[in-house]
Amino acid sequence: MDLTYYPYPSRRHVVMGRRGAVATSQPLAALAGMEMLLKGGNAVDAAIAMAATLTVVEPTSNGIGGDLFAMVWDGRLHGLNASGKSPLSLTPERIPEGGMPERGWFPVTVPGAVSGWRALHERFGRLPFPEVLAPAIRYAEEGFPVGPETARAWRRAEGIYLPLRGLEFRAFQEVFFPQGRAPRAGEVWRSPGHAKTLREIGESYGESLYRGKLAEAIAGFSEATGGLLSLEDLKAHEPEWVEALSVNYRGLTVHELPPNGQGIAALLALAILEGFDLKPEDPFSYHVQIEAMRLALADAFRYVADSRYLEKPPQALLSPEYVASRRSLIGERALPQALPEVRPGGTVYLAAADGELMVSLIQSNYQGFGSGILVPGTGIALQNRGLGFSLEEGHPNRLGPGKKPYHTIIPGFLTQEGKPVGPFGVMGGFMQPQGHVQVVVALADFGLNPQAALDRPRWQVVPGRGGDASRGEKPGDRVILEPGIPQATALVLKDLGHRVAYEVEPGLFGRGQVILRRGQAQGGHAEEVLVAASDPRAEGLGLAW
């Protein structure tokens with residue numbers, strides 16, 4: 001049998017409980033989160049357990065060498081930016097003439113995910129840190145059967161990572177492509193080095209990765225193979241607690257983290273859409289959503305950068321005057337505007353909730369496995385997040401030493417009248433703010449439940465790809481549609497000036513998770529229920545008890 005072949009549509013239901021809920025893109029990771037809740041841990045313990053486990057069971061999208069962003073509700077909303085900076089020795093002059101390479105040491109930035117796990121645990125965790133990492137260690141050491149969607153992504157990666165030549169790539173290829181190929185669906189894969197590293201992280205409370213034995217291993221391998229990442233870079237890293245940005249949309253307050261993340265693109269698009277009456281299958285409603293997203297992404301590409309280098313405060317892009325000026329540009333024809341070229345990403349998102357805490361967390365190595373560099377014996381696959389920098393002179397996001405790049409990964413959170421509604425997110429590079437907008441619109445405008453909101457066919461503005469010069473087209477702003485969107489809608493969008501095409505690969509449209517708190521009146525008092533949902537485009541699930 002083919003474990004990756006599913007010819008018939010199927011239906012998922014929301015999962016409901018009262019004591020706790022988890023949702024993520026891989027079942028074993030969701031079970032790791034539920035394991036923590038059943039042991040008496042809280043939602044933060046569950047979130048960290050899932051995050052660590054995902055570095056093992058879904059390495060095609062994240063790893064110990066990646067970055068992390070999170071939001072936690074404990075009566076108020078706390079934002080965490082655990083993204084790393086570029087090496088202090090990285091300057092624009094060192095980049096090869098053809099631009100930033102996609103693999104190798106040049107795009108490697110300091111890994112922030114582990115510092116994020118520690119920061120979350122220090123502030124909110126209940127169970128001992130090593131115990132929270134135990135499921136991830138178990139799967140790395142004993143092995144696990146590779147899931148079908150993970151196997152598909154792993155196999156696609158063969159053509160990217162196996163041809164790489166150089167000592168810096170050898171350990172990565174040996175660990176992730178045993179026998180010279182990707183493991184197939186159902187095959188058991190294990191990573192003893194990964195388990196050893198997670199134990200070290202647990203015992204040192206994450207300190208080893210930045211100022212101990214693991215940091216020395218990373219810096220030593222970098223120096224031995226021509227890398228720029230140094231012990232000084234790792235020692236200087238610290239995660240940051242930040243205040244979220246928000247906009248009100250149809251009675252909901254939507255929260256996103258500030259730059260260097262692109263969450264502001266989702267907020268700006270929603271603020272623009274507040275001025276339109278959207279209907280579920282109305283082609284013109286698709287048109288205005290696409291236009292709002294194009295405008296918001298254009299602003300994000302222009303202004304999002306390391307917070308220390310911003311040209312204007314992010315709140316300025318959300319002011320009523322600025323939003324109105326952007327909204328006024330949307331008419332009955334597609335705007336003739338091309339956006340900068342961007343690259344696809346690879347990310348995991350998870351959500352967790354209990355009676356007191358709610359967590360929205362996202363982490364990534366970028367571009368699937370990331371740089372293609374793995375520190376020998378450790379299981380630490382390093383990210384290539386430096387690809388998020390601009391090389392344009394004078395741009396606030398211009399590559400520079402000790403600087404955080406434009407980041408695609410964004411956790412989302414919803415509140416209503418100061419009370420938590422819940423965490424949500426959609427992973428997938430520059431699809432992420434677009435997925436956030438479409439999920440919020442489905443919930444707020446169309447009245448869909450969380451699972452239906454995730455199931456709903458999606459569209460994506462794809463900056464910087466396509467364009468037929470023979471027909472006078474410019475690259476950028478191509479719109480791809482999932483097959484579930486009616487052809488009649490596609491024809492109307494084409495007539496309005498959009499360059500539309502259908503794409504059958506579900507991974508292009510993001511993979512989301514949602515947990516919402518729903519109050520019900522029972523006998524004169526409110527009873528709250530947690531409602532969890534997981535995207536059918538991934539192999540994950542929601543669990544609740």
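Which residues lie nearest the centre of the largest pocket? I looked this up before anything else. The model is predicted. Tyr-6, Tyr-8, Pro-506, Pro-536 and Arg-537 lie nearest the centre. The lining of this pocket counts 25 residues.

**Entry: the largest pocket**

I noted the volume next. The largest pocket holds about 900 Å³ of space. I then sorted its lining by class. Twelve of the residues are nonpolar, three are polar and ten are charged. I also asked which element gives the most to this lining. Helix H5, residues 148-161, does, with three residues.

**Entry: cavities**

I counted three cavities of 30 Å³ or more. The largest cavity has a volume of about 50 Å³. I listed its lining: Pro-259, Ile-264, Tyr-303, Val-304, Leu-310, Lys-312, Pro-313, Pro-314 and Leu-317. By class, eight of these are nonpolar, none is polar and one is charged.

**Entry: the nonpolar cores**

I went to the largest nonpolar core. It has 82 residues. Leu-68, Trp-117, Leu-120, Phe-176, Phe-177 and Leu-361 have the most contacts inside it. Helix H2, residues 43-57, supplies the largest share of this core, twelve residues. Another core lies apart from it and has 68 residues, among them Val-247, Tyr-286, Ile-330 and Val-439.

Leaving out residues up to four places away in sequence, Phe-176 touches Pro-59, Trp-154, Arg-181, Ala-182, Pro-183, Trp-189, Phe-369, Leu-374 and Ala-381.

**Entry: helix H3**

Is H3 largely enclosed by the rest of the structure, or largely open? I checked burial, taking under 20% relative accessible area as buried. Nine of the twelve residues of H3 are buried, so the helix is largely enclosed. The buried ones are Ala-113, Val-114, Ser-115, Gly-116, Trp-117, Ala-119, Leu-120, His-121 and Phe-124. Trp-117 and Leu-120 were already in my notes, as residues with the most contacts inside the largest nonpolar core.

I also checked the span of H3, residues 113-124. From first C-alpha to last, H3 reaches 16 Å, close to the 16 Å expected at 1.5 Å a residue.

**Entry: Ala-265**

I found Ala-265 in helix H11, residues 263-273. Is Ala-265 buried or exposed? Its relative accessibility is 1%, so Ala-265 counts as buried. Not counting residues up to four places away in sequence, Ala-265 touches Met-293, Ala-296, Leu-297, Ala-300 and Pro-433. Ala-265 and Ala-236 are 29 residues apart in sequence, and 30 Å separates their C-alpha atoms in space.

Key: Residues numbered from 1 in each chain as written. Predicted model: local features only at pLDDT ≥ 70, side-chain atom pairs only at ≥ 80, totals over all residues. Heavy atoms only, no water. 1 Å grid on protein atoms, 1.4 Å probe; cavity = no way out; pocket = protein on both sides within 12 Å on 5 of 7 lines; lining within 4 Å. Points joined across faces, edges and corners; volume = space filled by probe spheres on them. Helix = DSSP H or I, 4+ residues; strand = E, 2+ residues; numbered from the N terminus. Nonpolar A, V, L, I, M, F, W, Y, C, P; charged D, E, K, R; others polar. Expected span 1.5 Å × (residues − 1). Buried < 20%, exposed > 50% of the residue type's maximum accessible area, 1.4 Å probe, protein only. Contact = heavy atoms within 4.5 Å. Core = buried A, V, L, I, M, F, W, Y, C linked by side-chain atoms within 4.5 Å.
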